[in-house]
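Have the viewer open and follow along.

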Amino acid sequence: MIQNYPQYTQNIQFQTLKPNIKKILLKNLFKIISAVLLIVALFLLVHWQVGFDVFLVAFEVFGIKINQPSILIYLILSIVGVAMLLFLSNYLAASNLRYEFYQNRLIAYENSFLVLIKSIEVPYQNIVKVSYHYNGIFNRILNSGTIILELTGMKEDKIEMHFVDNVQQIVQFIENMRRRFMFAQQAQSTENYRVGKIINRLS
């Protein structure tokens, strides 16, 4: 999804690109549910094959008596609670993902440690290649793509924009922004050279 902004100076956004949050949440929800089902299945397997008597001995040492059905219910509720917290944190993080495009650079706001967001400022001259792909089962199922910005002269060697709709259109927009910036730089260099020659003649 792209949001338009005025186009005046280098400090005003041209556009803001956001990935499809619903698709990100669907992917994360699928992973969380799969993990929960796997853990619950493992607990049930232990319960049926061995029982929880081995684990209850530790509580009985301190005079705490817990029956097996209760501990199983508590474990399942705990797992579900943790899963809900993970999903909420994923939602908060995904809602803050965005890429702001300016006249001379882009600023990427990406996830860091689930709910934290880090910003990466990328001048257009540091982007050496823009590519995209539709690889991955979730991209194919959800009809989305991934855009890859290969970088140079920076700590990061690339930035990946996941779950982007209308991928080819967005790639063309990024290429146009880079091309516009390069033309502006070239025009400025030509102007500086011309002014320099005039000053030298007058000196």
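## Ground rules

A residue counts as buried under 20% relative accessible area, as exposed over 50%, and as partly exposed in between (1.4 Å probe, protein chains only). The model is predicted, so local features need pLDDT of at least 70 and side-chain atom pairs count only at pLDDT 80 or more, while totals for chains, interfaces and linings use all residues. Numbering starts from 1 along each chain as its sequence is written, and side-chain values use heavy atoms, with hydrogens and water left out.

## Overall fold

The protein has five helices and eight strands, where helices (H or I, at least four residues) and strands (E, at least two) are DSSP runs numbered from the N terminus. Along the sequence their pattern is β-β-α-α-α-β-β-β-β-α-β-β-α. Of the 203 residues, 33% count as buried.

Strand 7 (residues 145–151) and strand 8 (residues 158–164) run antiparallel and are joined by five bridges; pairing requires at least two DSSP bridges between two strands. Glycine 145 stands opposite valine 164 in strand 8. In this hairpin, with six residues between the strands, glycine 153 takes a positive phi near 70°.

## A nonpolar surface patch

Leucine 29 sits in helix 1 (residues 21–49) and counts as partly exposed because its relative accessible area is 32%. Together with Ile33 and Leu37, Leu29 forms a nonpolar surface patch of about 260 Å² accessible area. Patch members have over 30% relative accessible area and no salt bridge; nonpolar side chains (Val, Leu, Ile, Met, Phe, Trp, Tyr) are joined within 5 Å, like charges within 9 Å. The areas come from the Shrake-Rupley method with a 1.4 Å probe, and for residues only the protein chains shown count as cover.

## Salt bridges

With a salt bridge defined as a side-chain nitrogen of Lys or Arg within 4 Å of a carboxyl oxygen of Asp or Glu, the count is five. One of them joins glutamate 121 and arginine 105, with the closest N and O atoms 3.3 Å apart. This pair links distant parts of the chain, 16 residues apart: glutamate 121 is in strand 5 (residues 116–123) and arginine 105 in strand 4. Arginine 105 is buried at 14% relative accessible area, whereas glutamate 121 is partly exposed at 46%.

Arginine 178 and glutamate 175 meet at 3.0 Å, N to O. Both lie in helix 5 (residues 167–202), three residues apart, about one turn of the helix.
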